[in-house]
Amino acid sequence: MPSNEQQPIPAARPIIGEEEIEAAVRVLRTGRVVQGPEVAGFEEEFSELVAGRHCVAVNSGTSALHLLLMAMGIGPGDEVIVPSFSFAASANAVRLVGADVVFADVEEDSFNLDPAAVEAAITPRTAAIMPVHIYGNPAAMDKIMAIADKHKLAVVEDACQAHAAALNGTPVGAFGTGGTFSFYPTKNMHSLEGGMISTGDAEIARTLRLLRNQGMEQRYANEIVGANMRMTDVNAAIGRVQLAKVGGWTEQRIANAAYLSANITAPNVVTPIVAEGARHIYHQYTIRVRGGAEARDAMMAGLTEAGIGNAVYYPTPIHRLKPYWEPDQKAGRNWDLPVTERAAAEVVSLPVHPSLSQGDLERIVAAVNELGENL
């Protein structure tokens, strides 16, 4: 086991350099700090990541999901199919617009929505499908889009963990009706906080710009009921600096993941599986520890003792969280999600961020292999 005297390896490490600090200070000195030229520039530059789609910046990834659903007219009486194996924000956005969440199971290998489960969950009230590109691994968008086209459904891509991920050359956020991204500090790139919405529909893009700004395009000329979900120019300036760097950071994440996958050989430890044609950008490098929660928790305890950061994303499926579990039980809805339940009991994420040294990678591999031999 690696020596406890070595420096701990953090599970994640937000990068804030002098360029980000200088960008923030520069904007503060201008006195124009909200919804100004930096936001417009960030939207234009981010568009290159999503095949030239319209981009609308907002104050968080959750706001991005919420406003996109609003702009699409999804609300009471509608159902949206969502994976339960995700962060709660995916389902929360659906509830916030008054629609009903329908949970579908995920694939064993990718942890993303299972297209067969999606098709089985469609009802006459289904309005949209919300695939989540979990951990930065693109969902099976070719199959999901075919299902959506067949049933005339909208597709909302939750790409909050998947900046620059792609499937068969098409970037995530460029498949569905719209896509959403988060710039929270632990993401592959950040703006301290913030979100971005991509869409190929110009009318939806205009509605989004109204919704984020109290329903106004021109000051005091409110066209619709809106909210205040604007991004500040300080956030946008930081995001623009990070956007220029995320390509290199992504390649480093992919290289770090490749090293881990090539060298983790412990029995009962399954390294990430990437589908043919998929570009996984490793927001998280997530292994499965066969044997259930007891074996997984033993692995985590050993990693922590060795000074190696680790975490479970996500220990409780959304459908078992109180705001969903209690209403569903009262309504007699019992979701059958066996793959989701197994994943929540077996997954653990290891450090993969671009700040890792070769020595860090070797320590991670050594610890996982040794612990895995003794599970």
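## Exercises: a buried serine, a strand and a helix

S191 counts as buried because its relative accessibility is 0% (buried means under 20% relative accessible area, exposed over 50%, partly exposed in between, with a 1.4 Å probe and protein chains only). This is a predicted model, in which local features need pLDDT of at least 70 and side-chain atom pairs count only at pLDDT 80 or more, while totals for chains, interfaces and linings use all residues. Residues are numbered from 1 along each chain as its sequence is written, and side-chain values use heavy atoms, leaving out hydrogens and water.

**Exercise 1.** Find the loop that holds S191, then list what S191 touches.

*Solution.*
- Step 1: Look between strand 8 (178-182) and strand 9 (195-199); the loop there contains S191. Helices (H or I, at least four residues) and strands (E, at least two) are DSSP runs, numbered from the N terminus.
- Step 2: Leaving aside residues up to four places away in sequence, S191 touches F183, M231, N235, I238 and G239 (contact means heavy atoms within 4.5 Å).
- Step 3: Check the side chain of S191: one of its polar atoms lies 2.7 Å from the backbone oxygen of E193. A polar contact is a pair of N or O atoms within 3.5 Å; within protein, one must be able to donate a hydrogen and the other to accept it, and residues adjacent in sequence count only if both atoms are side-chain atoms.

**Exercise 2.** Work out which strands pair with strand 9 and which way its residues point.

*Solution.*
- Step 1: Strand 8 joins strand 9 in antiparallel fashion through five bridges (two strands pair if DSSP finds at least two bridges between them). F181 is the residue opposite M196.
- Step 2: Strand 1 (residues 54-58) also pairs antiparallel with strand 9, over five bridges. Here H54 has T199 as its bridge partner.
- Step 3: In a regular strand, side chains alternate between the two faces of the sheet.
- Step 4: Now trace strand 9: G195, I197 and T199 point one way, M196 and S198 the other way, and all are buried.

**Exercise 3.** Why is helix 3 described as largely enclosed, and what does it pack against?

*Solution.*
- Step 1: Count the buried residues: nine of the eleven in helix 3 are buried, so the helix is largely enclosed by the rest of the structure. Among them are G61, L65, H66 and A71.
- Step 2: These buried residues pack against strand 1, helix 4, strand 5 (154-158), strand 8, strand 9 and helix 7 (202-211).
- Step 3: Inspect the ends. S60 caps the N-terminal end, with a side-chain oxygen 3.4 Å from the backbone nitrogen of T62. Just after helix 3, G73 has a positive phi of about 80 degrees.

**Exercise 4.** Describe how helix 3 (residues 61-71) and helix 4 (residues 89-96) cross and which residues meet.

*Solution.*
- Step 1: The two axes come within 9 Å and cross at roughly 35 degrees (axes are lines fitted to C-alpha atoms, for helices over the stretch in contact, and angles run from 0 to 180 degrees between N-to-C directions).
- Step 2: From helix 3, T62, L65, H66 and L69 meet A89, S90, A93, V94 and L96 of helix 4.
- Step 3: Sort the residues of this contact: six are nonpolar, three polar and none charged. Ala, Val, Leu, Ile, Met, Phe, Trp, Tyr, Cys and Pro count as nonpolar, Asp, Glu, Lys and Arg as charged, and the others, Gly among them, as polar.
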